[in-house]
Amino acid sequence: MEPLRLLLILITILSNIHTLRGSELLVHEYYKEKCPLAEDIVRHNVAVAVLKDPRLAASLLRLHFHDCFVMGCDASVLLDSVEGMTSEKQAGPNVNSLRGFEVIDKIKYLLEKECPLTVSCADILAMVARDAVELRGGPRWEVWLGRKDSLESSFSGANLFIPAPNSSLETLINNFKQQGLDIEDLVVLSGSHTIGRARCLSFRQRIYETKQEYHHAYDRYKRYTTFRRILQSICPVTGRDDKFAPLDFQTPKRFDNQYFINIIEGKGLLGSDNVLISQDLDGRIRKQVWGYASNEKLFFDSFAKSMIKMGNINVLTGSEGEIRRNCRFVNP
């Protein structure tokens, strides 16, 4: 066989697999033979849940984020507290904030009836996040599958590694770097804030502190001043901590590129949204933001690539971990 042809074949093979920390590989259509209806079961139940409560789309996507940023994409975020182990659900960024666990429980129950001990909770989270985005008008991507579930959670890791809503740009960059994600991933994945809501407790600092990074110079026509007053009417200086506001006031239920238009105008809800522009000293991020704001397809394509990349953080494969019977507990 000609060397060039052999090289092309090798490149084609490598493009369809992704090497990871474990002894095996994540692949497309992992359950095609093992559990043919797995992805259909996941998608149907996500569709039903999101139809009943459109806000669940953002919640289910967020579950995947918060899982992957703590020890990797291993479903550790789904474990309940037991003697000797505090659940990640009780950590500061998650308590009274993460939701959608019942949707995962139902999907897992149905998959266990269809294919016992076959589909991992970690893979369910990855598929659910993809379907939730698509059902709100966002892109669809092929999810690499074959993850195993962790045997433990990390309460301390959840408090340490999940980005705070008032983080500086430097902190965000370092946080993503720790996960093997770069600045481009940080910017495009921040676009997930095109759907969902945040509690007053998360954005109060952004509207009452006078830091330049929270309310930068895009206020020639008092657009930010008006927006700030709206936020203040929702979230007073004290009290109403659990009052919600949409992350994207313009199209809160649609996954689109409006988020990037918002932050160009200084109308990101969270402080960590606005610092992408205000603390970008060399203009590199601003250029990326403008690109996504003006080209939704570019944003969708980039988002799908970064979601695949994030979904492969420190996954367990092969003999590592297990496939849980119940996503809330390690197998007895």
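**An annotated histidine, a loop threonine and a cavity**

The UniProt record, an unreviewed entry, places the feature "active site" at His66. The structure shown here is a predicted model, and the annotation itself may be inferred rather than shown by experiment.

Within this model, His66 belongs to helix α3, which covers residues 56-68. Is His66 buried or exposed? Its relative accessible area is 9%, and buried means under 20%, so His66 counts as buried. Apart from neighbours within four places in sequence, the residues in contact with His66 are Pro93, Asn94, Leu98 and Ile162.

A second residue to look at is Thr251. Thr251 sits in a loop, with strand β4 (244-246) on one side and helix α11 (258-264) on the other. The relative accessible area of Thr251 is 13%; because this value falls under the 20% limit, Thr251 is classed as buried. Which residues does Thr251 contact once neighbours within four places in sequence are left aside? They are Thr194, Asp256 and Gln258.

The structure holds 1 cavity of 30 Å³ or more, and the volume of the largest cavity is about 60 Å³. Its lining includes His64 and Ala126, the run Trp141, Glu142, Val143 and Trp144, then Arg147, and finally Met307, Ile308, Gly311 and Asn312. Sorted by class, the lining of this cavity comprises 6 nonpolar, 3 polar and 2 charged residues.

How values were computed. Residues are numbered from 1 along each chain as its sequence is written. This is a predicted model: local features need pLDDT of at least 70, side-chain atom pairs count only at pLDDT 80 or more; totals for chains, interfaces and linings use all residues. Side-chain values use heavy atoms; hydrogens and water are left out. On a 1 Å grid over the protein atoms alone, a cavity is a set of points where a 1.4 Å probe fits but cannot get out, and a pocket is an open set with protein on both sides within 12 Å along at least five of seven lines; lining residues have an atom within 4 Å of a point. Grid points are joined across faces, edges and corners, and a volume is the space filled by probe spheres set on the points. Ala, Val, Leu, Ile, Met, Phe, Trp, Tyr, Cys and Pro count as nonpolar, Asp, Glu, Lys and Arg as charged, and the others, Gly among them, as polar. Helices (H or I, at least four residues) and strands (E, at least two) are DSSP runs, numbered from the N terminus. Buried means under 20% relative accessible area, exposed over 50%, partly exposed in between (1.4 Å probe, protein chains only). Contact means heavy atoms within 4.5 Å.
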